[in-house]
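Morning, everyone. Please put the structure up on the screen, and we'll walk through it.

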Amino acid sequence: MPVYEYHCSNGHSHDLLHKWPPPETHPCNQCDESGHKQVSMPQKTAGRWGDTGGKYIPALGKVLTPHQAAAEAKKRGLVHESDLPSGYIDSKLNKEWDDARAHDATMAKFKELKKTHNGDASRAWAETFSVDSMKKSGTLKEDVANG
């Protein structure tokens with residue numbers, strides 16, 4: 001609950017802890033005169049108001065407070081991981097690992113063919129990346145392969 005400040009005509013002030021909405025007047029604790037609600041400056045708190053302790057955010061390349069980092073990320077179109085669909089990051093990582101394994105297998109095939117052809121890298125590349133294998137992997141579109 002917020003704390004509201006009241007001043008009476010005799011110059012006294014007092015605070016009142018009260019739920020929203022607050023009363024416009026409240027009896028003074030010292031003289032029983034009617035005290036009127038004052039407009040107070042909100043207290044600065046750590047977090048959104050007084051968050052002055054920034055830290056370096058590698059993804060943004062700057063020293064920012066959490067509030068500034070959230071605003072900068074939104075401006076750049078970045079999405080927080082909690083806003084992604086369930087399993088999104090795992091599926092992306094699994095695809096990257098599958099791609100890395102496929103690359104390693106392709107390079108192993110190239111090296112083996114290079115040995116088979118007595119160091120002829122051009123022939124090894126041509127056999128490793130044949131038109132048929134590139135069509136099968138989706139690397140080469142059918143219309144490009146046919147000229």
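Start at N118. Just after α2, N118 takes a positive phi of about 55°. A caution here: this is a predicted model, where local features need pLDDT of at least 70, side-chain atom pairs count only at pLDDT 80 or more, and totals for chains, interfaces and linings use all residues. Residues are numbered from 1 along each chain as its sequence is written, and side-chain values use heavy atoms, with hydrogens and water left out.

Now α2 itself. This helix covers residues 88-116, 29 residues in total. Helices here are DSSP runs of H or I, at least four residues, and strands are runs of E, at least two, numbered from the N terminus. The expected span is 1.5 Å times one less than the number of residues. For α2 that gives 42 Å, and the end C-alpha atoms are 42 Å apart, so the two agree.

Next, the partner. Helix α3 is residues 121-128, and its axis comes within 8 Å of the α2 axis. The axes, lines fitted to C-alpha atoms over the stretch in contact, have angles that run from 0 to 180 degrees between N-to-C directions. Here they cross at roughly 135°. The pair is therefore oblique: not under 35 degrees (roughly parallel), over 145 (roughly antiparallel) or 65 to 115 (roughly perpendicular).

Which residues meet? From α2, T106, M107, K109, F110, L113 and K114; from α3, A121, A124, W125, E127 and T128. Contact means heavy atoms within 4.5 Å.

Last, the whole protein. There are 5 helices and 6 strands. The order along the sequence is β-β-β-β-β-β-α-α-α-α-α.
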